[in-house]
Amino acid sequence: MAIDCITTTATTTITTTSHPNTNIRNIPSMPQQPKHENKQVENQKSLVFDASVLRRQSNIPTQFIWPDDEKPCKNAPELPVPLVDLCGFLSGDPAAAAEASRLVGEACRKHGFFLVVNHGVDRRLIADAHRYMDDFFELPLVEKQRAQRKAGEHCGYASSFTGRFSSKLPWKETLSFSYSAANDNNSSETIVLDYFRSVLGDDFEQFGRVYQDYSEAMSKLSLGIMELLGMSLGVGRTHFKEFFEDNDSIMRLNYYPPCQKPNLTLGTGPHCDPTSLTILHQDQVGGLQVFVDEEWRSISPNFDTFVVNIGDTFMALSNGKYKSCLHRAVVNSEMPRKSLAFFLCPGKEKVVSPPGELVDSLWPRVYPDFTWPMLLEFTQKHYRADMKTLQIFSNWLQQKNS
Ligand SMILES: O=C(O)CCC(=O)C(=O)O
């Protein structure tokens with residue numbers, strides 16, 4: 001999850017000051033923006049990512065062109081990711097649960113990626129979630145902009161995220177919204193539906209229903225996966241499941257329009273998800289790549305599987321035993337690509353701290369305690385999420401607390 005896409009106003013200014021990723025000492029105490037970014041905001045001019053125009057254009061605006069050492073590689077070899085069959089686990093078979101947790105643990109120690117099959121999510125719901133994405137992203141830009149993401153917020157429509165950063169922009173449009181499983185006043189049952197109705201109007205009620213159901217299915221599936229993660233880490237089946245029962249998560253629809261120069265651009269730049277666990281469903285086009293053993297590898301789409309990856313917050317919860325994996329998405333010149341990403345996040349008050357069983361003198365604490373809103377704010381206001389987010393955030397917190 002690249003949470004580098006915060007504001008929605010465009011800029012054509014390329015800043016000459018150093019990027020915040022390159023020097024953490026430039027980051028002032030929260031919640032101020034780094035100086036150079038304020039300068040960018042002052043100099044804003046309009047660069048609008050209108051996919052209906054840009055998809056046919058062979059002259060790619062420079063803001064979307066990635067440096068040579070980060071440009072996408074064609075034909076990245078397939079990564080043999082373990083296929084974890086959840087059928088036996090979901091029907092209560094202890095041997096199947098043990099085998100599934102063994103596979104999950106192996107993958108998470110190695111690279112943090114695995115696939116799940118027989119996951120129990122209705123195929124029609126998945127197909128509907130993709131179909132409604134087409135309907136939304138094929139709307140004229142001004143219609144989509146009714147859900148425009150506001151500065152400092154992580155929900156809403158964003159077209160290529162041209163606001164906060166002025167280079168290495170992703171070639172994509174997204175619609176993000178919150179999902180909450182907290183059972184305080186029953187609002188969780190309609191949180192997504194209410195979002196669609198309030199932002200886009202009553203005509204979007206059916207969209208809201210589909211994504212409400214889809215987010216609930218993802219929350220349920222992620223709690224099941226948390227049981228497997230707990231078993232595999234030896235902290236018991238319920239530990240992480242209970243921790244995430246009141247999750248405050250993010251659902252994102254990713255839409256990558258065709259690009260006439262796909263070898264210059266990236267749909268989503270290289271990053272580790274700062275969130276806890278991501279459950280991704282890709283359409284049949286393909287484009288997801290992960291960085292393993294110093295090379296980019298493809299994860300081919302399969303309608304019957306979800307791609308699951310560990311994010312930074314779970315890496316911290318596991319005391320660094322499980323890996324948050326670096327990944328990106330490439331685009332192509334022929335057809336749009338879609339993916340549905342559910343980002344599991346802890347409830348706002350939950351302290352991210354590993355269970356005692358994962359800490360000892362041979363493996364002491366790797367990261368300090370934090371809450372998810374602290375990390376979210378860090379990635380929104382101070383640091384463009386990349387492969388070093390957790391380490392930089394953790395150094396920054398330690399510095400701040402010392
Ligand atoms: O679309 C994909 O395959 C990857 C999406 C992703 O990494 C993200 O939304 O953070």
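Which residues of H12 are buried? The residues in question are Thr389, Leu390 and Phe393, where buried means that 20 or more other C-beta atoms, placed from the backbone, lie within 10 Å of a residue's own, exposed means 12 or fewer, and partly exposed is in between.

## Model and numbering

This is a predicted model, in which local features need pLDDT of at least 70 and side-chain atom pairs count only at pLDDT 80 or more, while totals for chains, interfaces and linings use all residues. Residues are numbered from 1 along each chain as its sequence is written.

## The chain overall

The protein chain has twelve helices and 14 strands. These are DSSP runs numbered from the N terminus, helices being H or I with at least four residues and strands E with at least two. Of the 402 residues of the protein chain, 46% count as buried.

Contacts are pairs of residues whose C-beta atoms, placed from the backbone, lie within 7 Å. Among contacts in the protein chain with a separation of 6 or more, 76% are between residues 24 or more positions apart.

## Helix H12

Helix H12 covers residues 389–401, and its 13 residues should span 18 Å at 1.5 Å a residue; the end C-alpha atoms are 18 Å apart, which agrees. The expected span is 1.5 Å times one less than the number of residues.

The buried residues of H12 are Thr389, Leu390 and Phe393. Seen down the axis of H12, they fall within an arc of 90°, so they line one face of the helix; the arc is that of the directions from the helix axis to the C-beta atoms. Gln398 and Gln399, on the other side of H12, are exposed. The cover over the buried residues includes helix H10 (312–317) and helix H11 (372–381).

## Strand S7

Six of the six residues of strand S7 (residues 277–282) are buried. Strands count as paired if DSSP finds at least two bridges between them. S7 pairs with strand S10 (residues 306–310) in the antiparallel sense over four bridges, and Thr278 stands opposite Asn309 in S10. S7 also runs antiparallel to strand S12 (residues 337–344), to which six bridges join it; the bridge partner of Ile279 in S12 is Phe342.

## The four-stranded sheet

An open sheet of four strands has the order S6-S11-S8-S9, with antiparallel pairing. Strand S6 (268–271) and strand S9 (295–298) stand at the edges with a single partner strand each, so one side of each is left without a neighbour in the sheet.

Within this sheet, strand S8 (residues 288–292) and strand S11 (residues 327–329) run antiparallel and are joined by three bridges. Gln289 stands opposite Arg328 in S11.

How values were computed
Two residues are in contact if their C-beta atoms, placed from the backbone, lie within 7 Å.
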